[in-house]
Amino acid sequence: MAGKTLYDKLWDAHVVRTEEDGTGLLYIDRHLVHEVTSPQAFEGLRIAGRKPWRTDTIVATPDHNVPTTDRSKGIEDPISRLQVETLDANVKEFGVPYFPMDDIRQGIVHVIGPEEGATLPGMTVVCGDSHTSTHGAFGALAHGIGTSEVEHVLATQCLVQKKMKNMKVAVSKTGPGVTAKDIVLAIIGEIGTAGGTGYAIEFAGEGITDLSMEGRMTVSNMAIEGGARAGMIAVDQTTIDYVKGRPYAPKPELWDQAVAAWQDLKSDENAVFDHVVEIDGSQIQPQVTWGTSPEMVVGVNARVPDPANEADSVKKAGMERALEYMGLEANTSISDIPVDVVFIGSCTNSRIEDLRAAAEVAKGRKVVDSVKQALVVPGSGLVKQQAEEEGLDKIFIEAGFEWREPGCSMCLAMNADRLESGDRCASTSNRNFEGRQGQGGRTHLVSPAMAAAAAVTGTFTDVRSL
Amino acid sequence: MEKFTVLTGIVAPMDRANVDTDAIIPKQFLKSIKRSGFGPNLFDEWRYLDHGEPGMDNSKRPLNEDFTLNQPRYQGASVLIARENFGCGSSREHAPWALEDYGFRVIIAPTFADIFYNNCFKNGILPIKLDESIVDELFQQTFATEGYQLVVDLEAQTITRPDGSSISFDVDAFRKYCLLNGLDDIGLTLKHVDDIKSYEDKRKQQAPWLF
Ligand code: SF4
């Protein structure tokens, strides 16, 4: 008999019941909540006279709308403020654990869940946010849900789900100077933004297992950009070492039992995947996106592709539209594209390791004059604190970067941090959609080291040559 | 949730692949704490020439006359045909809320992003996956015939074209049942409270650190 994949195991361990057509009722262990996708869910509970099933499974924090500058004055935009105040009031009314804006533990949900140990191996983790895939890096089944489902999980601790298919993406060992972000962008370039639709992906191979937990989270974070709601990585010693001692981790008397159970959180040797993709890690170069979809990506030493070479008419039209929006000519060298703004942050790349990588490039260098703004936005208050203890803030400030308070910031520009129309940004975030970072803004997705390199040289520069 | 049984509606074409949720409803409108009123800002950046913000009087804003949905022939459309990977990007349910508020009850595409597809059913919208070649045909026919209409019958799982020819489609039995009856699935799940509790009891033994 075929063995089970990691996803099969996680599914089986959480099925409460199965309907005749295969629809499962899945038990949820951790529910992360933020201000944007929760107000209508809490309102629904209130109208129906329902209560959360288990408040101890919830962790809530505001992240999308919070200012990244001085917070003592509160939130200036009244609509953003109302949304955060609504969350403040809802968590109070329903007794939900909360890290408010002025708490040192506040930050982007996908950064603080793992940081607090609230994300554990073997869990089911959901959040009204597509980048919940991040938590799959811990051998957890984690994916984004809509607001109706947020309400459903609040009320029942369960989610109505159809089982997904299994896909394995195996990446062999990568070369020096290639980061987790480059790996995941290369994967998306290979499978396409819809390649993972209907699948739960498991990332495997030395290219993945060599990564730290921070790096693995970067990879899982962007599974959704490859179309897969969930992107998992098997548990190993790296996972266990990361979790140990965190506030929400199992208590000492249960630790050994938990670790023993987590050993099984990997696919069986004889597990069968519906689809397997193999990627030669040694061929992966530092990546830069050139278009308006994360699959529109090439190595830094390549050129902007030419739609004339694309046979598929729908794809060709998409490329032409993307080039027009991005203000780029086909066949331009990526390294000749000038950058106006640099953004280092987001749930993809705002953890301590990301900031260290960017600081290493920034150290002793200066943001060039042609770059009008370079922002560094830590993922959480604790990341910020640690970075300051290591002196990273000073390196950034000395080089001409702005050092900000934690939040989503210019990843989607719901707060005051945004691009002006026509601005070209080297961004460590995850989406380069039209208007994502501000109407008319042009986003190029890169790793933290590449973003810092762009800041100090003014164009996309192969960080390995600095 | 509004029931979905049979719908006869004008078809509007969205002739782009990978239409993302940021395009369907830009982020500034996500600041609302309500569930309704998103229709006027559906496809905001494509539909208007100026920059939209919440609270604006949308009826006074300059329209982008070139944008499909602004063309007179597609006014009142309730069926949207789209290209592959429609609804990719974020999990925002504001996307189906905006489509539904605008008046769309059926979306037809070769493929949808998973979260968006799921969110549609929770909001009385029927997303239908059809072969790319059939979707292509529907695009051609929509472009060719002003006022092109389709009849979508969920119970029978058929789409009938003006010439009487019909196309059948797949839908999960459970989702179909909920949509046909306009059922909110929280109520359905709460019928299984005993199952949930017994699962919890068992799980507490196996993984006590989760409780
Ligand atoms: S950082 Fe960006 S992608 Fe991540 S949760 Fe915030 S807005 Fe979403």
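## Strands and the open sheet

Two strands are said to pair if DSSP finds at least two bridges between them; strands (E, at least two residues) and helices (H or I, at least four) are DSSP runs, numbered from the N terminus. In this predicted model, strand β8 (residues 165–171) of chain A runs parallel to strand β9 (residues 199–204) of chain A, and 6 bridges join them. A170(A) has A204(A) in β9(A) as its bridge partner.

Both strands belong to an open sheet of 4 strands in chain A, with the order β10-β9-β8-β11 and parallel pairing. Because β10 (230–233) and β11 (275–279) of chain A stand at the edges with a single partner strand each, one side of each has no neighbour in the sheet. On average, neighbouring strands of this sheet are turned by 20° against each other, direction ignored.

## Basis of the model

The model is predicted: local features need pLDDT of at least 70, side-chain atom pairs count only at pLDDT 80 or more, and totals for chains, interfaces and linings use all residues. Residues are numbered from 1 along each chain as its sequence is written, chains are lettered from A and ligands numbered from 1 in the order in which they are written, and side-chain values use heavy atoms, with hydrogens and water left out.

## Cavities and the ligand

A cavity is a set of points, on a 1 Å grid over the protein atoms alone, where a 1.4 Å probe fits but cannot get out; lining residues have an atom within 4 Å of a point. The count comes to 3 cavities of 30 Å³ or more. The largest cavity has a volume of about 240 Å³, a volume being the space filled by probe spheres set on the points, which are joined across faces, edges and corners. Its lining has 24 residues, with H64(A), D129(A), H131(A), L412(A) and R436(A) nearest the centre.

The ligand sits in the largest cavity, that is, more than half of its atoms lie within 2 Å of the grid points.

## The largest pocket

A pocket is an open set with protein on both sides within 12 Å along at least five of seven lines. The largest pocket contains about 780 Å³ of space. Of its 34 lining residues, S148(A), M1(B), R35(B), K122(B) and N123(B) lie nearest the centre. α2(A) gives the most to this lining, with 5 residues.

Methods: Axes are lines fitted to C-alpha atoms, for helices over the stretch in contact, and angles run from 0 to 180 degrees between N-to-C directions.
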